[in-house]
Amino acid sequence: MSSNARKGVVVAAAVVLAAVLIGVYVAFLTITPTPYSPTAASAAPAKSVHLTLQTVAAVGSKLSPNPNWVSYLTMENGKWVRTTVWNVPANTLVHVTLYQFDGNSGLRNPFLSQARGLVGGTFTLNGKAMSRIPPDDASHTFAIPAFDVIVPLKGVADDAKNQCGYAPCSLSNAHNTITFTFRTGKKGKYRWQCFVPCAAGFVYGFGGPMQTIGYMDGFINVV
Amino acid sequence: MRRLFGFNLLTAVVLGIVGFYVGWLLGHQIHGKSIDYFGDTGQNDIALFVGYFVGVVGFLVGLGFANYPVMRMLGRPASVREKETGGVGRYFGLCTDHKVVGLQYLVGIGVFIFIGGLNAMLIRFELLTPNEHAWNANNYLTIVGLHGTMMMGMMTSGILGPFANYLLPIMIGARRMAFPRIEALTFWLLMAAGVILMTALGFGGFPTGWTGYEPLANQANWGMDAYIAFFALVGLSMALLGLNMIATVITMRAPGMRWGRLPMFVWGSFTTAMLMVLAAPVLISTLLMVSLDRTAQTGFFNPQIGGSSYLYQNLFWIFGHPEVYVLALPGMGILLEILPVFARKPVWGYRLAVSGMLGITLLSWLVWQHHLFVSGINADLRPFYMLSTELISLPTGFIFVCALGTLWAGRIRLTVPMLFCLAWIFNFLIGGLSGVFLSDVPSDVTTHGSFFSMAHFHYTIMGGLIFTFFAAIYYWVPKMTGYMINETWGKVHFWLMFVAFNSTFGPLLVIGFLGMPRRSVTYAGYLEGANQWVSISAFVLGFSMLIFIANFVYSLVFARVPAGPNPWGSKSIEWQLPSPVPVQDFDRIPTFGPDPYPYGDGVAVPGRPAVAPARPTP
Amino acid sequence: MSSDPGTAARGGHALRIALITVVVTLVALPLVIWVLGPNMPPGKATDVAKAQVFSNTVMLVLMTPITAFILVYLGYVLVVFRVRGDDVSRDGAPIRGNMRLQVIWLVATTAAVLFLAIFGSATLLTSNGSGGGQGPKPLSKPSGVALPVQVIAQQWEFTYRYPTYGGVETPQLVIPVDRQIAFHVTSLDAIHSFWAYQLGVKADANPGVDNVAYVKPKTVRTFSIRCAELCGLWHGYMFDTGKVVTDGVFAKWIAAQQTMFREVTRELPSYAKYYNPDPTNRAG
């Protein structure tokens, strides 16, 4: 092979290598969680969907590379999956049933212990309708700031029996059941987050799972 | 085959990886009450820091940096591998020839700047729409941080590394730098730093952008530790590089090279080096405090346990503002070095220009609080810092007037290096004027933290430094390699880059004023059209870089048109030597005459014809 | 200084450059003052925004002749003194400097800079800080009583507290028109920044610090609020819309908020300039 041809091969190989590395890099960045589309509640008069969630104290190694992180889990086709991105139709009622298995950490801003933006103005906690909980009892919140929706989620008592260890948790473990309904508006991509500093080990309790989509943060894609 | 064993890059990489794992395991053995919480987070920051540290030590040992000290301690003669005078292998290890280090820097920094630029393209891709559409929200902030951090860390040594290392000794008549092994060390430290920063991705990225503000940095995933390690190594590299430059210029000037006869490029490098040596230690100490906050739960920057978020901001910007003049001054040195050659005139106002550079060096220490105007600092301070910041435009103006004066009544040749230098004047004008807006506190209330501020520093750093970086490449690479870079494609690169650059950052000045904050993945809907224009211009700008890379590789690898000793007809000393410069630099140490820019006298350099040989056309 | 024969011939160039500069300036200045000026950001909705617009216009006016001169000069010399080809046998004129010109440049630029510094300080002091955060002890305060509104920045939402209305906290910002407002901006965790664009207000929110910014809105309108200091994952989503309303609407609104949040207001800590929630408050 002539000298030029040899050099050509080397340069071409370098370009291909660079392109492959860039491709890997970009692909790594675009790993997006697959959204889950909750299905319509059957025999419901208005447009509505149903979402079943649980919040756990430690997500476990089967569901995450960070086993000690807190997390939300979604019920998808009968299985608990670590998904926090949901596709929901526009102008639809979203009925949420949430099983709360974690202990309380308390809100940094007690103002966020009052529910806002819910249909009917209240949520039910273990069957009782109410609009707020004591701020120190909050374990997590579910909030969609763009809709001005927020629901405080009460924590399991410290001395409760049969507390859940690693997720997924079953209903035989100590838990609080919270239900609430909100309505989606126009199409768009809206973020939701927890407001309780519940990320153990991180300063202000807001690092780690509190800043990673797939744990305590996610998106509602109104489609 | 024999070369593969021994102290070289391959050994260094292997020892680096081994060292990382050794450090990682060591770090995990450290226990204590104040670091119990690592169990909850799942991120052992101490293990990562120790891993990086031992990894870098392993890397340096593998290259052979420990050979000389260890051998001398044992009373044995040291290996002379590092003093090799020939062969391609020199470029892939520790070599104390300043010319080799210069070329290593050029390629090494080039690779990392390419990565930084790629991240910029990814940022602009995301900003095509007002809402998130491309990258995971976590990743957008990491991309922004990677772009800024990589560029700042690499361009700090962007001129001094490749060009001052290669040319400064020659320009003052020396055969080497004052500390050749340290010179090589600064390069390899920077390379290790770049690799460490890229590993941030594997550790969850970092959410703070290049400024690393506390207390957010305390909260971040352990990708933040990669940022800290990167900047600590960059700071160390900076300080040593600057120290080397200063020692060389002070002690190793040849006979006749008095202070008043130093070429402008040397003055630019010297003043930059002074800033580097004084600013880098502030950065390193600050990062040490951040790492203690992140590991041992100290409270330097946590107000609730006795610290202050202002402490970080002030410490960072005491480093950060001289840092941006570290970025600006070399560009000014190159500008005033190249303009005389292509205008065939001496520098207009040599002493004024030098005073300008020294003035910038001094004043850059007195302005840093203009980054903190609306942060809640004591309001009494603001008029003072407004004054000091506006005063720094005075010495900057000296550089302008000297550049403009050099062009007057010249015989101007619009070669590619000249085009890039002229673009500096245009770009830095806009950059400087937008800086005046930012220095005015009432105006800064709206523009602080917006894309106006971002466009300002891109105009000065990219429009200023990067354009002169390319001028230096097109101008001096023929001297460093012996081959010309194709002029026609160089002009294509220039015009595409110049137009695309202004098309990208000009509108951003407006967009910032219209209310778009920095580092924000969403923005108001009415700015979508403008952002799309900017993004497309940015893609064209990126494309112009690809053209440059293709031209560079083609010209130096395939075309190989010999440059000859003096293709530009320059009267500067380095162009009186063969291209590429031979290993020993000078056959005999020269004696310098009274005028660094003997243009316009009709008097040639003694012994050489007044007419330069015809420049080879590639 | 210059010993070449062409100096006299080049006087013509200098004159031409000066003339072109003057013409360009005369064309540009009216555009800057009467077309660009009134439309300069951030608009005229408040007293501080107007001060900023005035400041920006004055600076633009000062910069116009400077920019015109440099660009005209640059363009002119590149056209007139350019040589094509590569003949380096002849050099340009050996002009090494001109003391008179250097002194003129130095004096002119110094005067411009000093003017800007004095003008900027004067604007700052006569506009109650021009809407920027002045820290806990503001230097430039408005006379009379200001309505205090506390802006609490937290990850990743702004909430607002009205100390003179029972310390009620609300998720939305509503302020009355034509009243002096004093924003007290603070943070509960990382550094944020409260940027109310059309109001012309920007004040960083630091934990443990009360950052005060003054503004007097002049028109009834909505305004956009964005966080302007990187504060973590949802920094880009930390935005809000505020409202400037008439006194009557404001009174009704705040009363409604007090009713709606009566119970939770009791749970809030009493109003303070800043709050210091425990940073080590973590689960588990």
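**Contacts and packing in a predicted three-chain model**

Pro136(C) touches Val209(C), Asp210(C), Val212(C) and Lys273(C), leaving aside residues up to four places away in sequence. Like everything described here, this contact set comes from a predicted model. As for its place in the chain, Pro136(C) sits in the loop between helix H3 (99-126) and strand S1 (147-154) of chain C. Going along the sequence, Val151(C) is 15 residues from Pro136(C), and the two C-alpha atoms are 14 Å apart in space.

The axes of H14(B) and H3(C) come within 9 Å and cross at roughly 155°. An angle over 145 degrees counts as roughly antiparallel, and that is why H14(B) and H3(C) get this label. Their crossing is right-handed. H14(B) brings Arg382(B), Pro383(B), Met386(B), Leu387(B), Glu390(B) and Leu391(B) to the contact, and H3(C) answers with Val113(C), Leu116(C), Ala117(C), Gly120(C), Ser121(C) and Leu124(C). By class, these residues divide into 8 nonpolar, 2 polar and 2 charged.

Chain B also has a helix pair of its own to look at. Helix H19 (residues 487-513) of chain B packs with H20(B) at an angle of about 155°, and their axes are 8 Å apart. H19(B) and H20(B) are therefore roughly antiparallel to each other. The crossing in this pair is left-handed. What classes of residue make up the contact of H19(B) with H20(B)? There are 17 nonpolar and 8 polar residues, with no charged ones.

H20(B) also has a part in the contact with chain A. There, 26 residues of chain B are in contact with 25 residues of chain A. Helix H2 (38-41), helix H6 (137-156), helix H9 (216-219) and helix H20 (528-559) of chain B each put at least two residues into the side that touches chain A. That side of chain B holds 14 nonpolar, 10 polar and 2 charged residues.

Now for chain A itself. How does its radius of gyration sit beside that of a compact globule of 223 residues? The globule would have a value near 17 Å, but chain A has 22 Å. Along its principal axes, the C-alpha trace of chain A spans about 85 × 40 × 35 Å. Buried residues make up 45% of the 223 residues in chain A. Among its contacts with a separation of 6 or more, 69% join residues 24 or more positions apart.

How values were computed
Residues numbered from 1 in each chain as written. Chains lettered and ligands numbered in written order. Predicted model: local features only at pLDDT ≥ 70, side-chain atom pairs only at ≥ 80, totals over all residues. Contact = placed C-beta atoms within 7 Å. Helix = DSSP H or I, 4+ residues; strand = E, 2+ residues; numbered from the N terminus. Nonpolar A, V, L, I, M, F, W, Y, C, P; charged D, E, K, R; others polar. Axes fitted to C-alpha atoms, helices over the stretch in contact; angles between N-to-C directions. Parallel < 35°, antiparallel > 145°, perpendicular 65-115°, else oblique. Left-handed = near helix turned anticlockwise from the far one by under 90°. Rg over C-alpha atoms; globule rule 2.2 N^0.38 Å. Buried ≥ 20, exposed ≤ 12 C-beta atoms within 10 Å, placed from the backbone.
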